[in-house]
Amino acid sequence: LPQPSSKSLQHIYQVQLGRFFENGDFMPEVKECQQNLVSAGIAVYYKMCGNMLPTPAKSHYTFNLRDLSEVIRGLLQADETVIVSRETAAQLFAHEATRVFH
């Protein structure tokens with residue numbers, strides 16, 4: 001199957017994250033950064049796929065859309081009492097991206 005376009009991925013994950021932020025009691029500044037979080041996730045995913053190619057010594061460097069979904073799923077487990085600013089949302093994103101892609 002062909003890879004979905006970046007625009008399609010952006011739409012899919014932005015809808016997911018947007019609904020989660022709307023259903024939760026998140027601060028408005030956190031809700032506003034959903035597009036940036038999704039864009040950053042997609043950018044990291046493409047960067048990892050392009051730069052971290054599998055080798056005989058590191059055969060686990062085989063990334064697919066499941067890895068991007070894991071980053072988004074980690075964001076979907078956020079608690080509105082903890083993620084109260086853009087900075088804490090960015091910290092959570094950095095943690096999830098590191099957890100998945102490291």
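Cys-49 counts as partly exposed because its relative accessibility is 26%, where partly exposed lies between buried (under 20% relative accessible area) and exposed (over 50%), with a 1.4 Å probe and protein chains only. Welcome to a predicted model, in which local features need pLDDT of at least 70, side-chain atom pairs count only at pLDDT 80 or more, and totals for chains, interfaces and linings use all residues. Residues are numbered from 1 along each chain as its sequence is written, and side-chain values use heavy atoms, leaving out hydrogens and water.

**Helix 3**
- Cys-49 belongs to helix 3; helices are DSSP runs (H or I, at least four residues), numbered from the N terminus.
- From Cys-49 to Asn-36 is 13 residues in sequence and 20 Å in space, C-alpha to C-alpha.
- Gln-34 is also part of helix 3, which covers residues 34-51.
- With 18% relative accessibility, Gln-34 counts as buried.
- Beyond its neighbours within four places in sequence, Gln-34 is in contact with Gln-14, Leu-17, Gly-18 and Phe-21, contact meaning heavy atoms within 4.5 Å.

**Helix 4 and helix 5**
- Helix 4 (residues 65-75) packs with helix 5 (residues 86-101) at about 145 degrees, their axes 9 Å apart; axes are lines fitted to C-alpha atoms over the stretch in contact, and angles run from 0 to 180 degrees between N-to-C directions.
- Helix 4 contributes Asp-67, Leu-68, Glu-70, Val-71, Gly-74 and Leu-75 to the contact, and helix 5 contributes Leu-92, Phe-93, Glu-96, Ala-97, Arg-99, Val-100 and Phe-101.

Conventions: Helices (H or I, at least four residues) and strands (E, at least two) are DSSP runs, numbered from the N terminus.
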